[in-house]
Amino acid sequence: MGSRRSAAGYLFFAPALIVFLLVGLYPILYQIYLSFTDWYLLRSLTPVWYGLDGYKRLLADTVLWESFLRTIIWTVGTVALEFVIGLLFALLLNRRSRINAILSGLILLPWVAPSIVVAYTWRWLLDGQYGALHQVLYQFGLVGERSLLVDPSLALLAVTAVSAWKGAPFMTIALLATLKSIPEELYEAAAVDGANLWNQFRFITFPLLIPVSVVMSLILGVLAFYSFDLVWIMTKGGPTDATLLLGVYLFRQFFERNELSYAATIGVAMLLLLLAFSSVYLGLLRKRQTA
Amino acid sequence: MKFRLFSSLFVLVLLAFALSSCASVPAQAPAEQPGAETTDEGVPASVVFWQFFTDPPIIAAYENAIQEFETLHPDIDVQMEIVPWAEQQQKLTTALTTGALPDVSMLGNNVVAQYQAIGALESLSPYFEQWSEEAGEDITADFWPGDRYYYLLEDEWWGSPMNVETRALWYRADLFAEAGIEEPPNTWADLRDVAIQLTTDDVYGIGVPGAIDYPTLQVFTNVYLGYGARFLNDDGMCGFDTPEFREALQYYTDLYLVDGVTPPDTPNYSREQLVQMLSEGKLAMYIDGPWIYGTLAEANPEWLPDLKVALIPEGPAGRYGFLGGWPLVLWKGSDNPDAAWEWIKFATDPEQGLPDIAAPANLPPGRQSIADQWLEAYEEPLRSEFNFFLEGLQYAQPYQYPDPEIPEMASLEVDAVQTAVQSVMLGQSVDDAVTQLCERINDTLSR
Amino acid sequence: MTNKRFKNFAFDAATIGLVLVYLFPIIWLYSASLKPTTDIVGAPFDLLPRSVTLSNFTRMWNAVGFQDALRNSLVVALATAVVVTSIALLAAFSLSRFRYRLQGVFATTILAMQMLPGIVMVVPLIVILRRMNLTDNILGLMITYLLLGLPVAVWMLKGYMDEIPPALDEAAMIDGATDWQVLTRIIIPLMAPATVAVAAFTFMLAWGEYLFALSLMTSTESKTLPLALQAALGRYTIDWGMLTAGGVLISIPPTILFIYFQRYLLGGLTSGSVKG
């Protein structure tokens, strides 16, 4: 491919660059600035320089650290469940069958549905008074009279399951695409050598799925770690902070407590974590591209 | 290497840009408009007024009042702008930083102290004194008793009451009769006994809110004030670490934990869920304001005529309710404070604008002298029932009664007390919940 | 042979069964939206409605603020789709067809921005938009959606553009075409379906977005659909029927768009990872 005048290249990129600078980079830098200030709307209407005290507060904030731990559990749980559901459906849908073309489309519905719809539907299904699913669980003695979402020890599990339910189709599709790219001859050769279905899966399918699984888990993991909508709408972080994730905590500080600068400090901390995540992600991508 | 140099320069330039732009914004305060305060040349003094309701009948009432006012005061031009309740806080915050405040606005009674504390409001005391002199009596004596804890701060008045509201006990007379109960409960202890008797397989004796939401605090306030607990102690810090408060908290949560007279999902339930259950006939008692009647009338259950109202029960320390409402306030920096005051006075005067403006909100007016006039608008049998809301206003107080409102309340009322209620309902001990509650409150108060 | 046929049948049945179980909440939502309210509360287990009614939809349609919200959502989502796709086409063209010093930096920026979640940007963006008086304003909301939509759009379009042989545009340039003409006359027509698919995807992003809409849009007239649905919970009661109807109405456009453009989107979305 012949190289062209670089000025034109810059020119065509300019509009996107302006967007990234003004709506991406500038707010990030502004947030970093805010994180070094004290801006409590009940005290002052403008930020006041505060140095590192915001970060000291962050380190000493036990609620925040609990949310951090909870967010990790939620993230790992979400991704693990997504992988299990995704793998199951990918294997089932990979079979050559007329119905599977339709089903692979239908299975995307939860992923496509806006989170507000998903959150309300599940909140209702699990409601202690009106919930259809709650009544099923109650009949089987799996829950008591009150909803899963009212039980502090089970609410996190419940919202994690819903989050995995919504995200699993994305994993399914990625795994399915990879499965379809595995040449049939590999299995035929293995069958000739006498390998049964389990061994075919273990020695051919699974190893070939590992790279895509890792990358997809990372993407879905970042999505889960930074999620807000589903939990906010379903539980607002409750009951008694049982589902308080970092994103919900940040939102609460900003909108309910009017602690603008502290919310910014949490935002910066979350950005730093993202930096770590994305360098792993970019590293993996590069490795795959060179491989 | 070259790239790194370029990128760090780049970041520096942007940083400079970012810092300079945030430094320059507050400087954009509005330029003084020369001559805006001179009214003698025949140019009417303009008064910008922010009104928070979007309901057409309320807007129409204000428009009429403004017209009437401007006929009386041809030298004043009142410009009403509609800023919906949901938006007003953000709009006011923005206006405070940019200086584009109105001259007069409504304000939630709970945030008057917050804006007073940052010096954004003008004191109304001098105006009230003059008004009292003209009237020949202390006009503030006509306010509802609880309003002084909202608007009388540092010995000065900061708001002129427009509407007030309080809650009462709604109950199903038919279910009471079936259970052989003749009277609605008069004390919290009675309420508990009655609720136990009324609870059956299909009906819960009472629905109390337990979610992290305003109704939980507003219903629980009735209980803890009745038990003699105080939000603040004499040092102005958390006053909940007392036997009275513990007893109240124990009482409220026992309704759920011990007696099971309120639904299984109570810790997550707020007004929406409970009114829904009430309308489906699944609750025998429920505490809320007069506004739920419309919803229930729409659902039109067969027992609607048996839906009655009673006063909030009394506790060991007496009978207390929760007081809500809103005043008109005068913002500092108004170009025409005297003209602005004239509008506030007209709109909140029981002999001028107040009766007509307050009525369409369907809540009682801010002056006791015209309360009966408000009640006339309702027909029997609703009128006798709604009378209990007026009677309840004599007992209605803010969360921090008997102390004046504190600026931090707007932040504390969001979740502090509710978290304690919910935690105990979900298994925490009362002692631990109170300790954590006071830590939270003191933490906020010392910020 | 019969054994194999039986096995296929068993697998089909199992797959259908599992997918149905998995989709139960969605099926139930659609079914509930057609039930009268009494059945929704009274007979929640019926997957198929006993009697079908459209009254939930008419109530939702006539609910205060719903039509405003529908209009707002359409305006925001369409405008975001058009602006994002246009800017992304130019940027993808730049990354795919030119060679310049900062190209690697730009490409990396896009990849990194693609991972930037809304929640870490919400504080500064809201503060800035408040200062610019762009809260409760469709333009302000759109600005935040540019950030959310642009990186993915650039990346997907770049993937499709890379697949068009450069020989085609080189030939056109020899004939005297300018860069602009190459983009608008050769490349865009060749990847028109993919471009529309990317626009559809951006539309979906903006259509269902909740966090920024919640933070920015406060008045009844300026709310978007997800917020209007929340408002439909009612001040005092929950109208489950109306809520399910609203849920269905919000879900339909993205569902149709996605199913229609599936082929392009799935390839594009996973290209960053799967194709490598």
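Me: In what order do the 5 strands of the open sheet of chain B lie?
Reply: The pairing in this sheet is mixed. Strands (E, at least two residues) and helices (H or I, at least four) are DSSP runs numbered from the N terminus, and two strands pair if DSSP finds at least two bridges between them. In this predicted model, the order in chain B is β2-β1-β3-β13-β6.

Me: Which are the edge strands of this sheet?
Reply: An edge strand here pairs on one side only. Neighbouring strands of the sheet are turned by 15 degrees against each other on average, direction ignored. The edges in chain B are β2 (76-82) and β6 (160-165).

Me: What are the pLDDT limits for this predicted model?
Reply: Residues are numbered from 1 along each chain as its sequence is written, and chains are lettered from A and ligands numbered from 1 in the order in which they are written. Side-chain values use heavy atoms, with hydrogens and water left out, and in this predicted model totals for chains, interfaces and linings use all residues, side-chain atom pairs count only at pLDDT 80 or more, and local features need pLDDT of at least 70.

Me: Which residue is the bridge partner of Q51(B)?
Reply: Strand β1 (residues 45-51) of chain B pairs with β2(B) in the parallel sense, over 7 bridges. In β2(B), the partner of Q51(B) is I82(B).

Me: At what angle to β2(B) does helix α2 of chain B run?
Reply: Helix α2 (residues 56-72) lies across β1, β2, β3 (104-106) and β6 of chain B. Axes are lines fitted to C-alpha atoms, for helices over the stretch in contact, and angles run from 0 to 180 degrees between N-to-C directions. Against β2(B), the angle of α2 is about 170 degrees.

Me: Why does L323(B) count as buried?
Reply: L323(B) is in the loop between β12 (321-322) and β13 (324-330) of chain B. Leaving aside neighbours within four places in sequence, its contacts (heavy atoms within 4.5 Å) include N109(B), Y150(B), V164(B) and L393(B). Buried means under 20% relative accessible area, exposed over 50% and partly exposed in between, with a 1.4 Å probe and protein chains only. L323(B) counts as buried because its relative accessible area is 0%.

Me: How many residues of helix α18 of chain B are buried?
Reply: What covers the buried residues of α18(B) includes α9 (214-226), α10 (243-257), α17 (409-412) and α19 (430-445) of chain B. Among those buried residues are A416(B), V421(B) and M425(B). The helix, residues 416-425, is largely enclosed by the rest of the structure, because the buried count is 9 of the 10 residues.

Me: What is the relative accessibility of Q116(B)?
Reply: Q116(B) is in helix α4 (residues 112-117) of chain B. Not counting residues up to four places away in sequence, Q116(B) touches L121(B), L153(B), E154(B) and W158(B). Q116(B) counts as buried, because its relative accessibility is 10%.

Me: How far apart are the C-alpha centres of domain 1 and domain 2 of chain B?
Reply: Domain bounds come from an automatic or database domain assignment. Chain B is divided into domain 1 (45-164 + 326-376) and domain 2 (168-322 + 415-445). The distance between their C-alpha centres is 32 Å.

Me: What share of the residues of chain B counts as buried?
Reply: Chain B has 19 helices and 14 strands. Its C-alpha atoms fill a box of roughly 75 × 75 × 45 Å along the principal axes. Of its 447 residues, the buried share is 57%.
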